[in-house]
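Thanks for making time this morning. I would like to walk you through one model, moving from its aromatic rings to its sheets and helices, so please keep the view open while I talk.

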Amino acid sequence: MKGRWNKYLLGGLVGVLVGCSSKPTDRGQQYKDGRLDQAMERVNQPNAKGVLVNAQDYLNQLLEIKYAAPALFERHNTTYQAVQNWLSAGADTGQLNQYGLSADQMKGVDNYGNVQFTGYYTPVLQARYTQQGAFRYPLYRMPPKGKKPLPNRASIYSGALDDRYIIAYTNSLIDNFMMEVQGSGYVDYGNGQPLVFFGYGGKNGHAYRSIGKVLIDRGAVAQADMSLQAIHQWAASHSAAELRELLEQNPSFVFFRPEAFASVKGASAVPLIAKASVASDRSLIPAGTTLLAEVPLLDNKGQFTGKYEMRLMVALDVGGAIKGQHFDLYQGIGPAAGHSAGYYNHYGRVWVLSGTSGAQLSVPTRTAVVSLLNR
């Protein structure tokens, strides 16, 4: 989502593979394709095995693009048409070129095709309109920009902003912070009404400092164990004052904009389908690009299982720390999605698909999607 900076949370703790002399495999790394020296290299057919698991989600994501961003859809509709034809014929990766599709394999962070995958999600916070009981931690909308810089996090926690900018009170300071990390979220005011989407509303302009790195530097969490879950566990075992002191080490602060009846959208202004959309570095992977990926599967404790899922995904979002051979995979809404997103810092293989020929894509309908999948 626009302005999202979630991967900065762990601030430089990514285990980028250097040289690959030892060729580690603990985070899903593979070495099936030899060395790849170009950012993307054309291949006759992807060296990928397995059955595509998310054809319907991918097609639903195309529908969202069609209705929310028609210009973006038209820009890529030759590729989208070719992919749909390929799906209807059984989605055999050895037959991509028969359906007007070319595949370019990404070189990965190590030149052996290992592309980094992290994850993000949309949290759901409990809140109230007024301060009451445990609901005492404010969320703010963006104050107007004046001549003076906006206060830093520590000053905001101390009440430096006027109360008229408060849009909700939650019962968890760490949950507020994590919603800042994700860039948006849903708020349940506890009144039986639909959840309110809190979109990204801006930042205070202060430099970012990683609290994950602070915990590692202090010896509170081992670098190998760092994750969103590890930070939550640390917070649960320390006092409110200790948590606040930690969070204040990061002077950057995110503001929100309430939007009733809104869906989760990425930087392309398109509603996101879980595990069928990613954030990418747009200088390398433009918005609307279709990706075929082997995504490593993790167990409930965040350990790589030794297995992969083959997925089709569309690049529809951006992130401040998503650069180069790195994708942030949107996991969905709520605690289960957050659990998965918090563990992802693993590697898979990715091929960029491009349509080289074929008819223009007719206007799809949801009935047509179901029909296509049932052929």
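This is a predicted model: local features need pLDDT of at least 70, side-chain atom pairs count only at pLDDT 80 or more; totals for chains, interfaces and linings use all residues.

Tyrosine 189 counts as buried, because its relative accessibility is 8% and the cut-off for buried is under 20%. Tyrosine 129, by contrast, is exposed, with a relative accessible area of 54%.

The rings of tyrosine 129 and tyrosine 189 have their centres 3.8 Å apart with their planes at 5°, and so they count as stacked. Since tyrosine 129 sits in the loop between S4 and S5 while tyrosine 189 sits in the loop between S7 and S8, their pairing ties together parts that are 60 residues apart in sequence. Which residues do the ring pairs link into a cluster with these two tyrosines? They are Phe198 and Phe256, which join Tyr129 and Tyr189 there. One further ring to look at is that of phenylalanine 135, because arginine 128 lies over its face, 4.2 Å from the ring centre, and the cut-off for that distance is within 6 Å.

Turning to the strands, you will find an open sheet of six, in the order S5-S6-S4-S7-S8-S9, with mixed pairing. Its edge strands are S5, residues 137–140, and S9, residues 254–260, each of which pairs on one side only. From one strand to the next, the twist averages 45°. Strand S8, residues 196–203, runs antiparallel to S9 and is joined to it by seven bridges, and within that pairing phenylalanine 197 stands opposite glutamate 259. Helix H5, residues 173–182, lies across S4, S5, S6, S7, S8 and S9, and runs at about 20° to S5.

Next comes strand S14, residues 345–355, where nine of the eleven residues are buried, so the strand is largely enclosed by the rest of the structure. Which strands does S14 pair with? Strand S2, residues 101–106, is joined to S14 by five bridges and runs antiparallel to it, with serine 102 opposite serine 354. Strand S3, residues 115–122, also pairs with S14 in the antiparallel sense, over four bridges, and there phenylalanine 117 stands opposite histidine 346. Strand S11, residues 290–298, is antiparallel to S14 as well and has five bridges to it, with leucine 291 facing valine 352 across the pairing.

Methods: Residues are numbered from 1 along each chain as its sequence is written. Side-chain values use heavy atoms; hydrogens and water are left out. Two strands pair if DSSP finds at least two bridges between them. Helices (H or I, at least four residues) and strands (E, at least two) are DSSP runs, numbered from the N terminus. Axes are lines fitted to C-alpha atoms, for helices over the stretch in contact, and angles run from 0 to 180 degrees between N-to-C directions. Contact means heavy atoms within 4.5 Å. Buried means under 20% relative accessible area, exposed over 50%, partly exposed in between (1.4 Å probe, protein chains only). Rings of Phe, Tyr and Trp (its six-membered ring) pair if their centres lie within 6.5 Å; planes under 30 degrees apart count as stacked, over 60 as edge-to-face and the rest as tilted. A charge sits over a ring if NZ of Lys or CZ of Arg is within 6 Å of the ring centre and within 35 degrees of the ring normal.
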